[in-house]
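Subject: Structure handover, aromatic contacts

Hello,

Here is the structure I promised to pass on. Please open it beside this note.

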Amino acid sequence: MKRILLPTDFSDNADNAISYAVQLYKDVKCKFFLIHSYTPLVTNTGSMLDTYSPPAIQNIEKETAEQKLKETENFFKKKFKNENHSFISMASFNLLIPHMKEVIKEMKIDLVIMGTKGATGAKEIFIGTNTMKAIKKLNFPIIAVPAEFKYIKPTQVLLPTDYRFQKSNKYFSFIRELCEANNSRLHILYVYNSVPLEKKQQKMEAFLDVFFIDTLRLFHVAEKQDLVDAIETYEIKYKINLLIMLYNKHNFLENLLFKPIVNEMVYRTNVPFLVIPSKKQ
């Protein structure tokens with residue numbers, strides 16, 4: 001049974017991600033954990049403080065959150081009647097990321113699926129979306145679903161890579177399972193900048209070829225292109241409906257000097273985006 005975490009703030013964006021999740025796993029026995037984190041801001045309650053104490057305000061927030069979670073749960077149960085699926089709703093007086101960490105550990109979650117609106121201009125640098133924060137802090141597989149994306153079976157999957165990863169990454173089997181379940185064609189993309197593959201990279205390319213032996217796979221090389229531009233070009237050319245990237249945490253200096261590719265793609269991609277934690281060789 002798959003155990004999937006679905007954070008929600010009760011927005012259309014969050015509902016769209018939930019809708020994507022239940023359709024992606026419609027043929028799989030799943031337990032979905034709907035969670036909502038709330039942190040009442042007493043400074044914004046104005047005259048409410050004259051009537052209610054902070055604990056009372058917290059109780060009101062809790063009851064409201066639990067009611068909305070139950071309404072969300074009932075809506076999706078009715079819309080996608082599926083005996084394979086069950087739901088558990090959890091409201092918590094907490095910040096979102098700590099709440100997600102607790103649920104992932106305690107409930108042995110396999111995957112997080114959440115919506116993302118992206119950002120524009122300076123906000124891309126100074127204000128991270130909850131999805132971007134989750135990618136950075138959780139070190140866990142996450143599918144980010146763009147707000148306007150309507151479910152399409154992921155039959156064309158794009159995996160950009162520099163072939164600098166560890167074979168021991170346990171999440172490669174997750175990618176293979178997803179591709180096999182959806183009869184996906186896996187496009188493996190390497191961006192070539194006049195530097196030939198090193199022996200270690202060649203070995204990793206051969207490893208992927210063998211590892212995905214039962215998956216229809218195509219290896220592509222994009223010459224002398226910016227990585228993000230190459231990804232967008234291949235998304236259009238091959239009608240990609242799921243993007244996968246391996247995410248390495250960057251150190252403080254790298255974050256100052258370079259905008260990590262994963263950050264940029266979370267804001268720019270128009271298709272669902274699966275981020276897999278990874279360590280470089």
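How many aromatic pairs does a search of the whole structure find? The search finds 14. Rings of Phe, Tyr and Trp (its six-membered ring) pair if their centres lie within 6.5 Å; planes under 30 degrees apart count as stacked, over 60 as edge-to-face and the rest as tilted.

Some ground rules. This is a predicted model: local features need pLDDT of at least 70, side-chain atom pairs count only at pLDDT 80 or more, and totals for chains, interfaces and linings use all residues. Residues are numbered from 1 along each chain as its sequence is written, and side-chain values use heavy atoms, with hydrogens and water left out.

One of the pairs is Phe75 with Phe76. It is edge-to-face, at 5.0 Å centre to centre and 90° between the planes. Phe76 is buried at 2% relative accessibility. Phe75 is partly exposed at 45%. (Buried means under 20% relative accessible area, exposed over 50%, partly exposed in between, with a 1.4 Å probe and protein chains only.)

Phe172 and Phe207 also pair edge-to-face, because their planes meet at 65° with the centres 6.0 Å apart. Phe172 is in helix H7 (residues 172-181) and Phe207 in helix H8 (residues 199-211), 35 residues apart. Helices here are DSSP runs (H or I, at least four residues), numbered from the N terminus. Phe172 is buried at 2%, and Phe207 is buried at 16%.

Ring pairs link Phe165, Phe172, Phe207, Phe211 and Phe212 into a cluster. Arg176 sits over the face of Phe211, 3.9 Å from the ring centre. That label needs NZ of Lys or CZ of Arg within 6 Å of the ring centre and within 35 degrees of the ring normal.

Best wishes

Technical notes. Helices (H or I, at least four residues) and strands (E, at least two) are DSSP runs, numbered from the N terminus.
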